Structure formats: structure tokens, C-alpha cells
Amino acid sequence: MTHTALQRIHTYLGVLLTTMGLLILANSLSGLYLDHETPKVDLQFKELVRFNKHDGEDNYLIQFDLMADLRPCFNWNVKQLFVYITAEYEIPNRGESKTVVWDHIIKSQEEANLVLVDQRNKYYTTDYGTELRDQKVTLKFNWNVMGWNGFLRTKTAGESSFTLPKEYY
């Protein structure tokens, strides 16, 4: 029985694509086991710069310090890190709220040592309502590990809390 060239090409391509698919699957799954130690993160709330009500909504502006060495997060399968700080609080009758107050993209290990002093919100922070007075707010440092392939992993380390005042200023 003779095989035509087209049948041979079909067989080789089938073996090649199956092998590549299995290698890509193994590569994606191996990324789950490449986590290094938790990086050193120091997030400190410094000052509430402004807290007021505008158009029936509470607004605040904060200042914070951040020291984060994320270099251990990088390995052969990390394309970039998306880092962000959330302000989390709970309003009675509405539940928990999370707001991103600052973010940054780190594209290389050389950029992964963050030192921010007296940094302010990157995004306007507001709550739809006037119930933030006298509420505890917790700042948390988060990062997403974005690999070349595989799963997106979210991590959290470092937090700092403060309480908003009872009166606007």
C-alpha cells in the first residue's frame, strides 16, 4: 500500500499539532507551580488630604507610601504585572465596596522595585451617597501576574487602615 504525499503531510501535521498542543498545555499548567515567595510589601496610609461632599456624594483624597519589591514574582512565564491599590470599606445596608485608588503596569524585573513616597490617589475616589463619614477604610496592595500563557493569578499583600472623620473638610 502506497501513501501519497498529501497523506504523509497530513500525518506529520497531525503529530506536530498534537505534540505542540500538549506542550502548550504543560507550559500553561506549569505556571501554576512557579509561584515564588510572597514579595516584601510595605503600604502605609499617610494622610487624608481632602474629605468632602459634592453633588450628594462623598469624595476623599489620600496620601500613602508604598515600598514593594516584586522582583521575585518574575520568571520565564511572566509577561508583566498589573499592580493596584484598593480602598475597601463596608457601608451598612449596602455591603462591602472596593475602589481602585492607584495602579501601574510593571513590564520587567528591573521596574519591579517600587518606592513611592507621598503618593496621592491616581483616580478620583467617590462613594455614591453620604455614608462614608466615620467609616473604616482599608488600603490593600494587589497584583495580577500576567503570563505569556496560562492562567491570570491575583495576589494580595500589605495593607493599611484609617478611619474617615465624622465631619467633612
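I started with the sheet: 4 strands form an open one, in the order β4-β3-β7-β8, with antiparallel pairing. Strands here are DSSP runs of E, at least two residues long, numbered from the N terminus. Two of them pair if DSSP finds at least two bridges between them. I noted β4 (95-106) and β8 (153-163) as the edge strands, each pairing on one side only.

The model is predicted; local features need pLDDT of at least 70, side-chain atom pairs count only at pLDDT 80 or more, and totals for chains, interfaces and linings use all residues. Residues are numbered from 1 along each chain as its sequence is written, and side-chain values use heavy atoms, leaving out hydrogens and water.

Next I looked up β7 (residues 136-147). It pairs with β8 in the antiparallel sense over 9 bridges. T138 stands opposite S161 in β8.

Then I turned to salt bridges (a side-chain nitrogen of Lys or Arg within 4 Å of a carboxyl oxygen of Asp or Glu). I found 7 in the whole structure.

I checked D65 and K46 among them: their side chains meet at 3.3 Å, N to O. D65 is in strand β2 and K46 in strand β1, 19 residues apart. D65 counts as buried at 13% relative accessibility. K46 is partly exposed at 40%. Buried means under 20% relative accessible area, exposed over 50%, partly exposed in between, with a 1.4 Å probe and protein chains only.

I also checked R94 and D127, which meet at 2.5 Å, N to O. R94 lies in the loop between β3 and β4 and D127 in strand β6 (residues 125-127), so the pair ties together parts 33 residues apart in sequence. D127 is buried, at 4% relative accessible area.
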